[in-house]
Structure formats: structure tokens, C-alpha cells
Amino acid sequence: MKELRDKSVLIVDDHTGMLRALDKVLSREGAVVTCADGAADAVEILTGRKKRIDLVITDLRMPFVTGITVLYAIHEIFPALPVIVLTAFGSADVKAECLRQGAAAFLEKPLDTPQLLTAIAGVFMSQQSSKGKA
Amino acid sequence: MFVSSNSVRLGVSVGCPHYFHRPLGVLPNIEFELHLENRVQTYTVQVFFLMNRLMQRLLSLPKPAVVVLALALLMLIGSVEYTTGRDFALSAVYLVPICWACWAAGRGIGIMVAIAGAVTWFMADLKSGFVYPHPWIPYWNALMLFALFLTVVSLLSAFQTARYRLEETVELRTAALQEEIKERKRLEAAKVQAERLAVVGTMAAQVAHEVRNPLGSITLNLDLTFKEIDLLAGGNGHLPDEGRTLVTDMRAEVRRIQRVIEDYLQFARLPKVQRQPVDLNGFLDRKLGFLRSELEQSNVKLRTHFDPALPSINADAEQLWQTVLNLVRNSREAMPDGGELIIGTWREGARALLRVSDNGKGMTGEQVKRVFEPFFTTKKEGTGLGLALVQQIVTEHDGHIECESTNGKGSTFTIFLPLMEKT
């Protein structure tokens, strides 16, 4: 997928199985993947500015700090950074809250590779079109 | 007390008929004992029971029979009066046929028999040959007697009317009370079910989180495995059949687990009902349009009957569609070889009716009784939550749902929803 080539993606999930699977799927598409197994780790990577991050994919329900907090923090510090929420279960209210907090997309597990890639492509495309307009 | 005879002993005993809920005191029974060649046969005649039955028969006779019998009785009393002479007072006995006729055949007949009674008494008196001090006295006496009869008839008839009114009121109140009890039971059952389902929703959300995470990685890993097999096979897209079949089977199983979780999650997802005016006909017509081709592929012919005079209802359109979708899905699964699906709307008083009917497999009476119970299913791979959800949504819309089904012929589900109140 050309949209992902050389893009730096940060994945935040406390399930190592999911982290590994996402890492492999996105790496195969040419992305540079960084994994964080919790919110604290993710914030450290983002604020450390050691790496450029183009996209964040985060789980919602994680120990200590939830994905919503991550989403809120990212939106405050890096308003232009797209964040995809990928959760095991989210009610309509949670979905609405995520989108209100600036999530670029709200996806539910399990989803297959084409669904994931289509959603990512959609996020990059809308980001480009908004940049174009700006 | 028994009186002996050669072969029959006759006696009187006391007892109370067993069919009365409370004892009516001491009632006489007449007992016969038949002694036949060392065999003793006892017969008990319950006097009260016989009298009660006789009274019931007499009071339920048709009007012409009452008139004929009452007049015949009057003639009999008149004859006795004539035979026994003036000294033997029988005037009060005239009240027996009069009261009976009034009670059994109504006030009009009662008055008629009262007139006949007074005339009979007058005729018997006239025939007795008694000479009054004044010729008008027998006429006056007959008139007074008639006035007495008329008073009794009026009182009796007023009492009867009051009794009927009371019975009617009691019947109406009983019916209203029964209806209220039924409604309360229904609401109570709906509340219990809603609470059960809310627990299902809470648990489902927890379980979903635990299960869907590994399912997510399994799904992605299956995609990766598919690609790995492709690479091993030379990357020309020709996967070994066995590898393709295995991955496809695993994907199907994952989808199945996902479907089960989805069924449970419907309860956790159910947001608070957001009502707004919905034109049911237009809404259904629009939404069903998307289903037509899918149904045609399953050889299911969709027919619709929309009542054009149906006013709007106050409902959460999306949730309502979820109920229709569930019913349509069930109907389609009940017609694996195709069939006919009829969806219609009607107005019935202050309610809108939405009916989904199919000519599929149908259900037995026992299955119909349990069809809205959570976890009850007639399908091999069902969770038994679809119709429970439908009922839950309908109840939250202040409506109710009914199911009729004939085994082997098809099922009909009718949703009753309140129409919007005019403001």
C-alpha cells in the first residue's frame, strides 16, 4: 500500500499478540512501526521527539491510562497527528466521545487486513485533502 | 330417623350439599334404603339441590311458557278458592304465579298476570254468591287486591333491575381488574426480562473485550499466514489447496465467534431510545429497498402492504429498523428454499401495527410460547437473543409484540406501537 510506505506508525496496545500482528501487517506494507504497550510508553515516545510519527493506532481499554486520555493528550500536543482508535468494544457513546476528541477513525476488533488498510488509506487521504485546502 | 317397611326403609337425614362453598345450615335430605335379597342400596335425595334445580328451570323458561303456566296456576288457585269458599283465605297465594311471572318474564308480563290474578279472584268471589252490603264492594276489593299485586310486581322488578345493575357493575369491574392484572403481569415480566438482558449486556461488553482482542490478532495473523503460504508456494497466487482450505475454515470459525459476540453485544450497545416522529410506511419502504436484492438471491419474494392512512409514530427509527431486520433475518432462515415474506402496517385504534409474516417452517405451540425468552432458539447456530432484543426494543417504545405460528406453514410477528398523541 503506497500510502503507508516509509510512514512512521505508533501502535499502542496492551495485548502483545495484537501489537505483534499489527506490527507485521503494517511493516509488510512498508511502514516503520513503533510499538508501545501502554499509554505512558506512547506519550514518552511521542514527546521524546526521537522519531517522527505520522499515525497513531491506539487501543482504548488499557491499564492505568485509557486510550481516551492518550487521544486527548495527542490532540492537545500534536493537533495535526491523526489517531485511529482500534478497540475490542466501544458503545455508540464511546465512539462519539472518541470522534469528539479528534479521532480520525474508530475501528472495532476483529478486523481483517484489507479493512485495516482501507481505513488507514482513508485517514491519510482526508489528511492530505485538508492540507491541500489549508 | 328411619321408618322400616318390608323391603324399603325411608328416612330423613340432614346434610349440606358439597357444591356450596360455605355451609347453608341444616338442610333436609330424604334417604331410601332398598333391601333386595340381602343387598342394601341407599339413595339420598338432596331436597335443597332438587329445589334449586327446579327453581332454575322455572326461571329460565321461555316467556310464552311462563304466561301459559302462570295463567293455568291462577285458574287452579281460583278453582280452589271457589271450592273452599270465602271463609278460607287464599288471596296471598295469587302472589306465587305473579311473582314468578314477573321474575322470569319481566315487569310487563308480571303486570298482565297481576291483572289476571285480580280478575280470577273477582270471578271466584262472584261465583261464591256472597251478597255484599253494597254491590260495588267486590269491585273495590278486586281493585285493592290488584293494587297490592301491582306494588309487589313493581318492588320485585325494581329489585331485579338493581340486582342486574349490580351484577353488570361487578362484571365490568372484574373485567377491568383482570385486564389491569394482566397488564401489570406483562409489565412485571418485561421489567424482569429487561433487567436480565441488561446483565447480559454488561457481561457481554466485558467478555467481548477479552475475546475480541485475541480474535483481532488471530484475524490479522491468518491474513499473514495466507501470504506466507503464498510465498512458500512460489508467490504466483497458486496456493496449495490444503493450505487455502485450512485458512478459509479458520476465517469462517473466527467469523462465527464474532457473530455470537455481536448477538450478545446488541444489548450492551442498545443506547437510550431517542424518539422522534417517524412515518413508518415511508421509513420501511426506504429501508426495505436495500434488502430486496439480498432476499431475491435467497429466493424470497418480498411483498408489502402499507396502510396509507397510518399516522406517524414516536420512535427511534434505527432501533425500530433493528427489530424489523431481526424479524426478516429469522423469516429468511425459516425459508431455506425460498418463500414469501409479507411486511405490512395497519392502524388499529390508537395503535400502529407492524406485521412480518412468512410461509417458512413455522414453530410448534411450545416453541411459540418461549420464542421471546432470552437464550431460547430453534436454530442450530442461534444464540436465542435476537427476538429477546426485538421484544426489549418494542417494550422500550411502550409497545408489545405477539407471535403466531403454525408448524410447517409459517410464522407471523405483530408489533403494536402507540400512535403519536395529537397535540
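**View 1. Contacts of B:Pro374.** Leaving aside neighbours within four places in sequence, B:Pro374 is in contact with B:Gln193, B:Arg196, B:Leu197, B:Val200, B:Gly384, B:Leu385 and B:Ala388. Contact here means that C-beta atoms, placed from the backbone, lie within 7 Å. The model is predicted: local features need pLDDT of at least 70, side-chain atom pairs count only at pLDDT 80 or more, and totals for chains, interfaces and linings use all residues. Residues are numbered from 1 along each chain as its sequence is written, while chains are lettered from A and ligands numbered from 1 in the order in which they are written. B:Pro374 sits in the loop between helix H10 (365–370) and helix H11 (386–396) of chain B. Helices (H or I, at least four residues) and strands (E, at least two) are DSSP runs, numbered from the N terminus. B:Gly384 is ten residues from B:Pro374 in sequence, and the two C-alpha atoms are 5.7 Å apart. B:Pro374 has 19 C-beta neighbours inside 10 Å, so it counts as partly exposed. On this scale, 20 or more other C-beta atoms within 10 Å make a residue buried, 12 or fewer make it exposed, and partly exposed lies in between.

**View 2. The largest nonpolar core.** This core has 45 residues, and B:Phe267 and B:Val390 touch the most other members. A nonpolar core is a set of buried Ala, Val, Leu, Ile, Met, Phe, Trp, Tyr and Cys residues joined through C-beta atoms within 7 Å. H5(B) gives the largest share, eight residues. Domain 3 (197–269) and domain 4 (276–418) of chain B both contribute, so the core lies between them. The domain bounds come from an automatic or database assignment. B:Phe267 touches B:Leu197, B:Val200, B:Gly201, B:Ala204 and B:Leu389, not counting residues up to four places away in sequence. A second, separate core of 34 residues includes A:Met18, A:Leu19, A:Met62 and A:Cys98.

View 3. Pairing requires at least two DSSP bridges between two strands. B:Ala352 stands opposite B:Leu417 in E11(B). Strand E10 (residues 400–406) also pairs with E11(B) in the antiparallel sense, over seven bridges. Here B:His400 has B:Phe416 as its bridge partner. Three residues lie between the strands of the E10(B) and E11(B) hairpin, where B:Gly408 takes a positive phi near 85°.

**View 4. The open sheet of chain A.** Five strands in parallel pairing follow the order E2-E1-E3-E4-E5. Strand E2 (32–36) and strand E5 (105–108) of chain A are at the edges with a single partner strand each, so one side of each has no neighbour in the sheet. Neighbouring strands are turned by 20° against each other on average, direction ignored. Axes are lines fitted to C-alpha atoms, for helices over the stretch in contact, and angles run from 0 to 180 degrees between N-to-C directions. Four bridges join the parallel strands E1 (residues 8–12) and E3 (residues 55–58) of chain A. A:Val12 stands opposite A:Thr58 in E3(A). Helix H1 (residues 16–28) of chain A lies across E1, E2 and E3 of chain A, at about 170° to E2(A).

**View 5. Where chain B meets chain A.** In this interface, 21 residues of chain B are in contact with 18 residues of chain A. Helix H5 (137–232) and helix H6 (241–269) of chain B are the elements giving two or more residues to the chain B side. H5(B) supplies the largest share of that side, 15 residues.

Terms used: Two residues are in contact if their C-beta atoms, placed from the backbone, lie within 7 Å.
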